[in-house]
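Subject: Handover of a structure

Dear colleague,

Please find the structure below, together with its sequence. A summary of the findings comes after it.

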Amino acid sequence: MRLSRAFQPTLKEVPSEAQIASHRLMLRAGLIRQTAAGIYAWLPAGLRVLRNIARIVREEQDAIGAQEVLMPTIQSADLWRRSGRYDAYGPEMLRLKDRHERELLYGPTNEEMITDLFGGAVKSYRELPQVLYQIQWKFRDEVRPRFGVMRGREFFMKDAYTFDADYEGAVKSYRRMMLAYLRTFQRLGVRAVPMVADTGPIGGNLSHEFLILAPTGESGVFYDAALEEQDWLSEPVDIDDSASLAAFFDKVTHFYAATDEKHDETAWAEVPEGRRREGRGIEVGHIFYFGTKYSESMGISVSGPDGAPLYPEMGSYGIGVSRLVGAIIEASHDEAGLIWPDAVAPYKAAILNLKPGDPATDAVCERLYAAGAEIFLYDDRAERAGVKFNDADLMGHPWQMIVGPRGAKDGTVELKRRATGERFELSVEDALAKVLGA
C-alpha cells in the first residue's frame, strides 16, 4: 500500500479521552475510531492486525481438530431461558424485540446456542468428541466502557466448545486446548502465562486464565521464570495420546503461576528466589471445563453405550482477539509509538522515500515495493524526512527500509529494526532477503 493513498489518519495530539497507552496509540496511529461509547470502527491497518491475530488463532484451533462454525450475533431469549441464564445474566446483556414482539438478545457468549446446535445434529456417543469454534463479534453492555478495545462493549472473540462422552475425554480435550493456546500466544510474539482460575462449584483444576504481562494489567501476577523459557512450538506432544497430553499438562502446571487472588505465599516461597517474577497481567484468554451444566439444563443428550441418555461433558475456551490488539500494544511500545511483533504487524516493513521525485531514489523504492506490495507500506508522500521517521515509529512496522539519494546512487538501503533500533547498510537484494526472511 502507498501511504499517499492509504486511509490511515494519524493524529499528532494525544486524544484526551484515551487513558492508557494502547488506546492512545491505536487512535494516533489510525487503527481505530470510536463511533459510540465502547464501540469502535476498525480502520484498514487495525483490521489487518485483527485478521493476522485471528488467522494464527484459527490455525492453532484447526491443528487440534477443532471445526469452525459461524453463529449469528442475535440469539433467541428462549434458548437462554432453557439454560436458566436469561433472567440471571444481568444488565450487561443487550435485550431487544423484533417487530413481532419476539424477545431477542445480542449474544455476549454462545454456550446455549452451540449446545442447541449440537443437540440437533449429534445423537450417539460414537460421534463424540466434537470440538466446535467460531471467531465472531460479541456485545456486553459494560456500565463504564473504558481503555479502548481493552474494555469495550463490542468485541471480537474466538469461542470454542468441546463435547465429550465422559470426564476422561473432557480432560483430554482440555489439555489439547491448553497446548493450542500456548502455541497461539507464542506465535503471536507475546508471553502469556497460564494461571489457575476459579472453577466455581465444579471444583478441580480445569480452569486457566492466560495473562499477558504489562504494567497496566488489571491483575497482579506471580510466576516462575522457567515458564518464560519454554518453547511450546517444539514441545513433542501427541495430541491423540492421553499419556503424552498428561505429561505436557504436568509440565505446564508444575511451575508456580498465580494471580494475586490465588497467590499462595507458602508455595511461592518454594520457588527459587532468582526465578521469582512479579508484575501485572492482562487477561486475554480463558479455558474452562464445566461438565454437564448446559447439556443437562437444556435437555441435550446422546445415546450412550447402553442405550441410556448420556449428557455430554462440556468445556468453553475463549480468546479475546480484539482485546489482544490492545494487550500486545500495552506490552510492546515505547515513547515513539507501537512496536509490533512480526507475526501480527499490519505491514512487515515501511519503505521511506526521503526524496520523492529523485529518479534514483524513486527507482530503488519502486523496486523494493514491487517485491512485497502486499506486505510493505510505501511512504511516498511529499513530506519532510522527520515526519516520515516519526510516523514510521508511531505505526510500529517491524522494519524500516530507508532510501535517500546518496544510498540510492550506490544501490544501498538503510534498514532499521524498530524493536531494537539496530541499523544496517545493505544492498537492495540483501535488505529484501533480511526483511522477507525474518
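The following paragraphs cover the basis of the model, a helix pair, a hairpin and a sheet.

This is a predicted model, in which local features need pLDDT of at least 70 and side-chain atom pairs count only at pLDDT 80 or more, whereas totals for chains, interfaces and linings use all residues. Residues are numbered from 1 along each chain as its sequence is written, and side-chain values use heavy atoms, with hydrogens and water left out.

Helices (DSSP runs of H or I, at least four residues) and strands (runs of E, at least two) are numbered from the N terminus. Helix α5 (residues 167-188) packs against helix α6 (residues 242-254) at an angle of about 55°, their axes being 10 Å apart. Axes are lines fitted to C-alpha atoms, for helices over the stretch in contact, and angles run from 0 to 180 degrees between N-to-C directions. Contact means heavy atoms within 4.5 Å; among the residues that make the contact are Leu179 of α5 and Phe248 of α6.

Strands pair if DSSP finds at least two bridges between them. Strands β1 (residues 32-36) and β2 (residues 39-42) pair in the antiparallel sense over four bridges, and Gln34 stands opposite Tyr40 in β2. The two strands form a hairpin with two residues between them, and Gly38 in the turn has a positive phi of about 75°.

Yours sincerely
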